[in-house]
2 protein chains.
Amino acid sequence: MEKAAGSPSVGGSYPQKNAEILSSQYGINLFLAGLLLTFAWAVHAVGISKSHLLSYLITLMLIQLLWMLWYLCRSCTQRRLIRDKDTHAGARWLKCGITLFAVITLILDSFKIGYYIDFSNCLSPTEGIFPVTHAVHTILQVYFLWCHAKDIIQSFKTLERFGVIHSVFTNLLLWTNGVLTESKHQLNEHKERLITLGFGNITIVLDDHAPQCNCTTTTLCSIFSQGIYYLYPFNIEYHILASTMLYVLWKNIGRKVEHHQQHKTPFKFHGITVGMIFGLIVLTSTIAIVVVYLIQIGRSKIKSELALTMFYLHAIFVLALMCTAGIVALFIYRLEDRSLDNSKNPARKLDAELLVGTAAGSWLLSWGSILAIICAQAHPKYTWYNLPYSVLVIIEKYIQNLFIIESIHREQEKVNDDIKTLRIVTISRGSTLSLTPSYKEIYNGRAAGEDGEVPCLFKGTICRRENGGGGAKEETSQENSLVTHLASDISFYSRSSVTNNKRRILKNIAAFLFLCNLSLWIPPAFGCRPEYDNGLEEIVFGFEPWIIVVNLAMPFSIFYRMHSAASLFEVNCKT
Amino acid sequence: MEKAAGSPSVGGSYPQKNAEILSSQYGINLFLAGLLLTFAWAVHAVGISKSHLLSYLITLMLIQLLWMLWYLCRSCTQRRLIRDKDTHAGARWLKCGITLFAVITLILDSFKIGYYIDFSNCLSPTEGIFPVTHAVHTILQVYFLWCHAKDIIQSFKTLERFGVIHSVFTNLLLWTNGVLTESKHQLNEHKERLITLGFGNITIVLDDHAPQCNCTTTTLCSIFSQGIYYLYPFNIEYHILASTMLYVLWKNIGRKVEHHQQHKTPFKFHGITVGMIFGLIVLTSTIAIVVVYLIQIGRSKIKSELALTMFYLHAIFVLALMCTAGIVALFIYRLEDRSLDNSKNPARKLDAELLVGTAAGSWLLSWGSILAIICAQAHPKYTWYNLPYSVLVIIEKYIQNLFIIESIHREQEKVNDDIKTLRIVTISRGSTLSLTPSYKEIYNGRAAGEDGEVPCLFKGTICRRENGGGGAKEETSQENSLVTHLASDISFYSRSSVTNNKRRILKNIAAFLFLCNLSLWIPPAFGCRPEYDNGLEEIVFGFEPWIIVVNLAMPFSIFYRMHSAASLFEVNCKT
């Protein structure tokens with residue numbers, strides 16, 4: 001699985017490493033220019049308005065549209081060009097997830113169009129053109145990702161690199177734009193709460209709150225303007241997901257892939273009932289807590305404090321459970337000594353890096369809270385709950401990352417082929433040992449080979465486990481005795497039932513953690529942010545500095561939850 | 001050159017991938033906690049003072065000291081444990097560079113100790129303990145890097161990973177601390193200039209300007225407090241260099257390395273006279289410009305504008321020259337179709353990523369300037385020079401990165417072995433063809449094999465160049481005719497003289513760019529920052545937002561110049 005880069009390319013003489021740098025530098029500059037426009041809009045720079053930013057985004061989207069159309073046409077007419085596929089990239093559930101988010105994004109776009117029509121007197125035309133372009137862009141991009149996310153492009157490599165990296169950074173900029181709009185909205189809500197609670201000492205200016213003119217149809221207006229902010233979290237997830245899928249596509253350009261089959265592992269509800277039940281309890285209770293929190297917070301000082309206490313206690317309980325589950329899972333992994341697969345795999349590498357990278361966002365916030373609690377002069381009672389909460393957030397993500405990254409690196413059991421070989425060998429020997437049915441059972445349960453020993457049973461099959469210690473001896477002795485002694489059959493069966501149990505526990509843990517992460521995505525995404533409402537950090541760091549930290553770190557913290565949920569879903573399927 | 005990760009490790013059963021994640025997450029948390037302390041100090045958080053931050057840094061340094069001592073002792077007593085070395089890591093010139101910076105850092109520490117003694121009445125003890133610890137830390141760390149930068153650790157892997165990653169992030173935090181102190185100083189100077197120029201509309205508060213008590217020895221005090229800020233740029237470079245070297249050491253833990261010899265390529269002045277002369281002219285003129293700039297700026301409005309105009313014109317000229325040189329070099333690379341080496345090499349990968357990553361810092365600033373010029377309402381004449389300057393900064397780094405990354409990825413000529421084989425073959429055939437002296441000449445000039453053809457001349461030697469096109473045919477025909485026809489000798493010689501010329505041009509370009517990058521490091525490192533003094537960006541983005549952007553992006557921009565100079569030095573040695 002080496003990269004083709006370096007060797008003279010198929011379509012031209014330009015070395016692949018250079019094409020990679022050439023295109024990535026183009027993408028970075030595209031992104032930085034957009035980032036500065038966004039920044040300029042956020043700080044109300046003189047002479048730069050929202051319509052400048054939107055025009056830039058529209059241009060980028062149109063260029064991407066043109067490129068995608070060209071690519072789709074070319075791949076239709078010349079089907080033979082793209083033969084290689086990366087089986088790890090663009091998993092089906094990822095595509096389904098992105099489609100779901102895209103559908104909600106389309107609803108958001110239609111809301112925005114409606115909002116523009118209502119306020120068309122005082123909004124610039126770009127605010128109408130943007131959602132239309134965005135809707136078209138969304139539809140075509142989802143189609144593109146469904147058809148081509150697994151592609152390994154081998155022709156016109158330099159040109160394709162530019163197209164794909166352009167798409168990656170266009171989506172990242174749209175993500176930034178979404179995040180900023182959402183942050184501004186959250187900050188406005190927070191400021192309104194502060195006004196209600198009577199904090200007059202902070203200079204409160206509501207930012208981009210409402211257009212300067214009256215709405216033409218009053219009822220629809222409020223639905224549109226309120227509804228938009230409930231749909232934004234999905235739009236944000238859509239863009240970041242799209243950009244990661246496109247990034248994997250970019251990394252795959254020009255790669256040489258070994259053709260190895262990956263057997264599909266569909267998601268099954270069977271056998272994960274316990275995990276699902278606990279997970280669903282957490283999910284329901286979290287939704288309830290969020291609703292109560294959003295109703296209570298900012299009403300009065302006492303109600304706010306109660307809401308915060310409730311939120312912290314619930315979160316502490318959930319995080320403690322998650323930590324325990326993660327530790328149990330890691331402990332099970334330590335019991336069985338399966339080797340890890342370290343072959344080149346851009347999709348998996350990105351997954352691992354994103355998990356650690358985005359966790360850093362919430363770690364930053366947690367360290368901020370811990371520091372604030374340690375250094376604050378006055379401690380209202382409810383703020384003390386923040387300390388175990390912050391510590392648990394750090395530990396939970398630490399353990400969960402270890403679990404997920406080890407899980408996605410574990411070598412997948414290749415039971416099918418091994419079992420077939422075994423049976424053929426057994427049959428060719430003409431023996432009617434009772435071994436065969438027991439292996440059948442193992443095959444149905446897909447458990448044998450879990451500890452990599454089946455392929456070592458017969459010589460001639462490559463021994464995939466390089467165990468230097470006692471395991472090798474064990475295998476050799478088994479090899480000698482297995483065919484003659486029936487007793488070993490039973491021991492093997494009982495061993496496989498142990499691994500089966502382990503597997504079931506792991507599957508349940510993955511399912512539980514999946515639902516927990518989905519639950520923990522909801523509060524920050526829908527405006528339940530104790531980092532704002534707690535007040536302690538704002539006092540220690542100052543209002544402005546802390547708001548800047550929260551607004552920078554929060555998007556990554558939110559993305560972490562969605563991304564880890566996606567990874568845990570994959571872990572569940574693979575286990 | 002695959003990683004050993006995954007297979008059961010030598011010292012324990014813990015999989016390497018997990019140890020990697022375990023330690024990197026520890027390091028990130030260490031860093032984030034320190035970062036927040038630094039941030040808290042920068043924003044004058046309530047209850048967090050500089051001594052808290054310094055105590056944290058002292059603790060980290062002491063832990064690193066203990067770990068380094070343990071490692072040094074262990075490697076002395078058990079020499080056999082560390083046998084593998086990464087020949088790419090810790091190059092000699094890198095070690096020399098870090099030693100130079102470390103020496104200046106030690107001077108800085110002694111200045112700080114002197115400063116503490118002078119103001120000991122009103123400074124906290126940590127401000128005295130810090131430079132002492134830092135000096136010890138610096139000495140031991142440089143010794144450690146001299147002896148062990150090339151190590152590939154294979155025992156106690158998990159423990160070593162923690163120690164090394166601790167060291168990486170300790171150095172990064174010390175870098176952050178240095179950068180922040182330097183930024184505060186620069187900002188204070190900028191504010192003082194604004195006061196002189198009579199800008200009263202900005203709320204000017206000088207930050208951490210001077211201690212609250214009087215100095216005991218007046219003359220020494222001013223030397224210490226002034227001198228410290230001229231030494232900081234070197235301290236900053238020292239820490240970032242140390243942290244990159246330690247990071248490579250961390251990445252190398254548990255790696256399996258093919259033992260291939262890398263012949264040392266010492267730096268030679270011979271043959272790069274033109275590049276050196278032009279480079280030295282740029283260096284001298286830059287130093288002159290910086291001195292004039294620092295004297296003139298902030299004196300009066302006219303003098304400031306003159307200084308800015310002078311700076312921009314000089315920079316535009318230098319950058320245009322650098323762009324041209326870079327384009328010529330890339331064009332030469334396109335002429336010869338040498339394949340790139342894509343083997344696993346953490347040191348090189350980090351180099352490439354750092355080049356692109358840190359260039360992003362200055363690209364951000366340049367895009368800010370471009371945006372400001374486009375959107376500003378009023379344009380004083382001198383601000384227009386900022387536009388070509390900013391555009392050229394972007395283009396120059398774009399081209400230079402392409403050049404450096406292609407250069408460090410080009411397969412190095414293995415002349416020594418090839419020539420030896422060739423001569424042995426020639427001698428064993430008993431022929432006294434005039435070929436031998438000509439090859440000798442090529443050998444002396446170290447030019448043969450540049451296009452990878454020598455190894456293909458005789459069968460039995462592995463043909464290292466997989467050229468699908470006309471090259472293969474050419475080689476085959478040469479192979480048949482070379483030994484019999486003397487004529488081909490001449491053609492081969494003339495060809496090698498062409499490659500010799502190309503090589504000489506490339507070496508000159510690398511030398512020129514090396515000196516130019518060193519020159520361009522000086523202005524921002526020593527306080528010549530037109531991004532502050534230009535004024536246009538501050539008007540468009542606002543004073544605070546723009547200062548934040550500059551203070552965040554500038555350290556990377558400065559590091560880029562030093563890092564690219566180091567890379568170009570390597571390119572010069574390799575070419």
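Predicted model: local features only at pLDDT ≥ 70, side-chain atom pairs only at ≥ 80, totals over all residues.
Student: What percentage of the residues of chain A count as buried?

Tutor: Buried means under 20% relative accessible area, exposed means over 50%, and partly exposed lies in between (1.4 Å probe, protein chains only). Of the 575 residues in chain A, the buried share is 58%.

Student: How many helices and strands does chain A have, and what percentage of its contacts between residues at least 6 apart in sequence join residues at least 24 apart?

Tutor: Helices (H or I, at least four residues) and strands (E, at least two) are DSSP runs, numbered from the N terminus. Chain A has 17 helices and zero strands. A contact means heavy atoms within 4.5 Å.

Student: By what turn can chain B be laid on chain A, and what axis relates the copies?

Tutor: The copies are superposed by least squares on the C-alpha atoms of residues with pLDDT of at least 70 in both. Chain B can be laid on chain A with an RMSD of 0.0 Å, a shift of 0.0 Å along the axis and a turn of 180°. The two copies are thus related as by a two-fold rotation axis.

Student: Why do the copies meet through the same surface?

Tutor: The reason lies in the interface residues of chain B that are also interface residues in chain A. Their share is 100%, so the copies meet through the same surface.

Student: Which residues have the most contacts inside the largest nonpolar core?

Tutor: A nonpolar core is a set of buried Ala, Val, Leu, Ile, Met, Phe, Trp, Tyr and Cys residues joined through side-chain atoms within 4.5 Å. The largest one has 317 residues. Those with the most contacts inside it are Phe144(A), Phe403(A), Phe541(A), Phe144(B), Phe403(B) and Phe541(B).

Student: Which residues of chain A does Phe541(B) touch?

Tutor: Residues up to four places away in sequence are not counted. In chain B, Phe541(B) touches Gly368(B), Leu371(B), Ala372(B) and Trp546(B). In chain A, Phe541(B) touches Leu36(A), Phe39(A), Ala40(A), Val43(A) and Ala45(A).

Student: Is Asn29(B) buried or exposed, and which residues does Asn29(B) touch?

Tutor: Asn29(B) lies in helix H1 (residues 16-42) of chain B. At 6% relative accessibility, Asn29(B) counts as buried. Not counting residues up to four places away in sequence, Asn29(B) touches Trp363(A), Trp367(A), Ile394(A) and Tyr398(A).

Student: How many aromatic pairs are there over all chains, and what is the geometry of Phe541(A) and Phe39(B)?

Tutor: Rings of Phe, Tyr and Trp (its six-membered ring) pair if their centres lie within 6.5 Å; planes under 30 degrees apart count as stacked, over 60 as edge-to-face and the rest as tilted. The count over all chains comes to 48 aromatic pairs. The ring centres of Phe541(A) and Phe39(B) are 6.1 Å apart with planes at 35°, so the pair is tilted.

Student: Which helices does this pair, Phe541(A) and Phe39(B), join?

Tutor: The pair crosses between chains. Phe541(A) is buried at 2% relative accessibility, whereas Phe39(B) is partly exposed at 25%. The helices are H16 (residues 536-541) of chain A for Phe541(A) and H1 of chain B for Phe39(B).

Student: How many disulfides are there over all chains, and how far is the sulfur of Cys76(B) from the closest cysteine sulfur?

Tutor: A disulfide is a pair of cysteine sulfur atoms within 2.5 Å, and the count over all chains is zero. Cys76(A) is in no disulfide, with the nearest cysteine sulfur in Cys73(A). For Cys76(B), which is partly exposed at 48% relative accessible area, the closest cysteine sulfur is in Cys73(B), too far for a bond at 6.8 Å.

Student: Where is His44(A) found, and what is its phi?

Tutor: His44(A) is found in the loop between helix H1 (16-42) and helix H2 (50-77) of chain A. With a relative accessible area of 47%, His44(A) is partly exposed. Its phi is positive, in a residue other than glycine, and is near 55°.

How values were computed: Residues numbered from 1 in each chain as written. Chains lettered and ligands numbered in written order. Heavy atoms only, no water.
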